[in-house]
Amino acid sequence: MDTEKTGLGSWLLLGGMTGAAMLIHGYHGTAEDAEIYLPGVLKRLNPALFPFNSRFFDSHAGLTLFPDLVSGSIRLLHLSTGVVVLMLHVASIFALLYACLRIARLYFRERHAAWCGVALVASLLTLPVAGTALYIMDQYLTSRSFSTAASMLALACFLERKWTAAAAWMVFTAAVHPLMSLFLLVLLAILALSELQWQPAQAVFAAFSFALFPPVTHTYQTVIQSHPYFLLTNWAWYEVVGMLAPILLFAGMAFAGRGSRFAHMGRLLKALIAFEVFFLAGSLLISVPGSLERFAEIQPMRCLLLVYILLFLLGGCLLGEVVLRRRVWLWALLFVPLCGGMAFAQLQLFPASRHVELPWQDSRNSWVEGFDWIRTHTPQNAYFALDPNYEQLPGEDIHGFRAIAQRSMLADNGKDSGAVSMFPALAAAWSEQVEARRGWKQFQEPDFLRLKTRYGVDWVVLQQPGSRGLVCPYRNDRVLVCRVE
């Protein structure tokens with residue numbers, strides 16, 4: 001297939017779309033899953049950090065090159081961690097949109113059609129992907145930011161028959177996110193088989209040895225059930241609709257395009273249907289109670305991340321080609337309310353924080369201010385205890401303690417339970433530490449001393465008004481930071 005050269009105008013437009021995407025979807029560099037990935041980077045830069053409980057993020061960091069790539073970039077550029085992480089986040093969005101443009105140009109000759117597909121993807125970056133607990137692109141940097149862009153670049157190269165480049169991006173995806181590379185590998189395999197005149201549906205599910213997955217314990221089963229996205233049986237009805245809709249839409253697009261100028265897109269559409277059905281079958285098997293639950297950590301339905309990107313890309317291109325065309329008022333009618341709605345949703349998700357939290361700005365979030373104080377006023381070997389559900393407290397806005405304070409803490413019931421769901425060997429320690437803080441809101445000085453005796457905790461973070469008997473060198477309208485002595 002012939003591909004159009006990307007000129008200066010296209011590069012500038014991609015840059016403008018990247019900046020617009022940042023303004024629409026916001027940026028929160030230390031929120032949500034950044035609590036899992038950023039501490040791994042910080043520990044590479046300073047091994048003295050996190051002397052306690054680092055296994056809850058090292059379990060992820062140790063499997064990928066993500067922390068090494070980010071920490072290496074920080075050393076190379078001689079810039080602050082926050083600035084480099086922001087730069088890499090922007091670069092990931094730019095790379096994703098560039099890959100989308102390359103794929104769109106393979107199937108749509110009209111420039112406005114290709115750009116409409118890219119614009120639709122840029123507008124929907126923080127759209128939830130059915131019941132997978134994923135966005136198309138997070139509002140912060142993780143290894144998934146790299147793997148999503150790299151997967152789409154690998155697909156673009158594959159469709160352009162640039163085999164060496166496709167293989168290189170495939171290897172890079174596997175290096176930064178092994179699980180997401182599985183989905184890419186299967187999609188490329190189905191495309192290759194369809195080209196050989198094999199039926200894509202005949203592709204065999206990737207074989208995994210049961211020895212690689214530990215047995216299902218009661219604690220692990222409890223964790224899995226607390227994360228509904230692992231098992232299809234826990235999905236809400238509207239999430240099931242979000243899963244099945246792409247299959248129907250791809251089938252409709254393939255049927256409508258028969259015998260038209262869009263017929264050459266049929267192979268990709270059929271491969272995407274087979275791709276989703278393939279993982280849907282595996283997910284249904286895993287959802288059956290019993291020994292197969294041990295495979296839940298594969299999370300087969302996260303294949304929907306690639307499905308959604310390509311659905312919005314190809315669907316947006318068709319919309320631009322057939323409906324919007326070059327009529328500016330129709331573009332405005334679609335994208336102004338769409339982008340406004342996406343921005344509004346993000347403002348509701350982080351109501352106590354700036355929409356774009358730039359690393360050189362002071363935070364106006366009280367919890368972040370308290371965590372910042374901890375980073376600059378407590379020793380590196382300080383060990384903290386917080387409410388196990390601290391990220392869900394009013395005004396906290398899902399900001400990660402380790403990512404901001406850069407100090408050790410007892411395992412929480414949020415992101416650390418996510419680590420347990422992927423690495424069941426952590427389940428016993430996690431359960432014990434969370435259980436030790438049952439009734440946290442009623443804790444008094446003897447309870448904190450018990451945590452110190454049992455775990456070595458010497459600091460706590462409390463909500464106002466706090467607890468009597470503790471020395472609290474820092475306080476603001478929501479947060480107290482107190483010693484346990």
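Biologist: How much accessible surface does the protein chain have, and what share of that surface belongs to carbon and sulfur atoms?

Modeller: Happy to start there, with the reminder that this is a predicted model. The accessible surface of the protein chain comes to about 20500 Å². The share belonging to carbon and sulfur atoms is 63%.

Biologist: What percentage of the residues in the protein chain is buried?

Modeller: The protein chain has 485 residues. A residue counts as buried when its relative accessible area is under 20%. Buried residues make up 58%.

Biologist: How many helices and strands does the protein chain have, and what share of contacts between residues at least 6 apart joins residues at least 24 apart?

Modeller: The secondary structure comes to 19 helices and 7 strands. For the contacts, take those between residues at least 6 apart in sequence. Of these, the share joining residues at least 24 apart is 73%.

Biologist: Is histidine 28 buried or exposed?

Modeller: You can find histidine 28 in strand E1, which covers residues 27-28. Its relative accessible area is 1%, and the cut-off for burial is under 20%. Histidine 28 is therefore buried.

Biologist: How far apart in space are leucine 318 and methionine 253, C-alpha to C-alpha?

Modeller: Leucine 318 lies in helix H13, residues 304-324, and counts as buried because its relative accessibility is 17%. Not counting residues up to four places away, leucine 318 touches Phe108, Met253, Phe262, Met265 and Val323. Leucine 318 and methionine 253 are 65 residues apart in sequence, and their C-alpha distance is 9.0 Å.

Biologist: What distance separates the C-alpha atoms of methionine 243 and threonine 132?

Modeller: Look in helix H11, residues 237-256, for methionine 243. This methionine 243 is buried, with a relative accessible area of 4%. Along the chain, methionine 243 and threonine 132 are 111 residues apart, and their C-alpha atoms are separated by 9.5 Å.

Biologist: Which strands stand at the edges of the open sheet of 5 strands?

Modeller: The sheet has mixed pairing and the order E4-E3-E5-E7-E6. An edge strand here has a single partner strand, so one side is left without a neighbour in the sheet. The strands at the edges are E4 (408-409) and E6.

Biologist: Which residue in E7 is the bridge partner of valine 471?

Modeller: Strand E6 (residues 471-475) and strand E7 (residues 479-483) run antiparallel and are joined by 3 bridges. A hairpin connects E6 to E7 through 3 residues. The partner of valine 471 in E7 is arginine 483.

Biologist: And which residue in E4 is the bridge partner of phenylalanine 384?

Modeller: Strand E3 (residues 383-385) pairs with E4 in the parallel sense, over 2 bridges. The partner of phenylalanine 384 in E4 is methionine 409.

Biologist: What is the area of the nonpolar surface patch made by Leu76, Leu77, Leu79 and Met87?

Modeller: One member, leucine 77, lies in helix H4, residues 66-77. Leucine 77 counts as partly exposed because its relative accessibility is 39%. Together, Leu76, Leu77, Leu79 and Met87 make a nonpolar surface patch of about 380 Å².

Technical notes: Residues numbered from 1 in each chain as written. Predicted model: local features only at pLDDT ≥ 70, side-chain atom pairs only at ≥ 80, totals over all residues. Heavy atoms only, no water. Helix = DSSP H or I, 4+ residues; strand = E, 2+ residues; numbered from the N terminus. Buried < 20%, exposed > 50% of the residue type's maximum accessible area, 1.4 Å probe, protein only. Contact = heavy atoms within 4.5 Å. Patch = residues over 30% accessible without salt bridge, like charges linked within 9 Å, V, L, I, M, F, W, Y side chains within 5 Å. Areas by Shrake-Rupley, 256 points an atom, 1.4 Å probe, with all protein chains shown as cover. Salt bridge = Lys/Arg side-chain N within 4 Å of Asp/Glu carboxyl O. Pairing = 2+ DSSP bridges.
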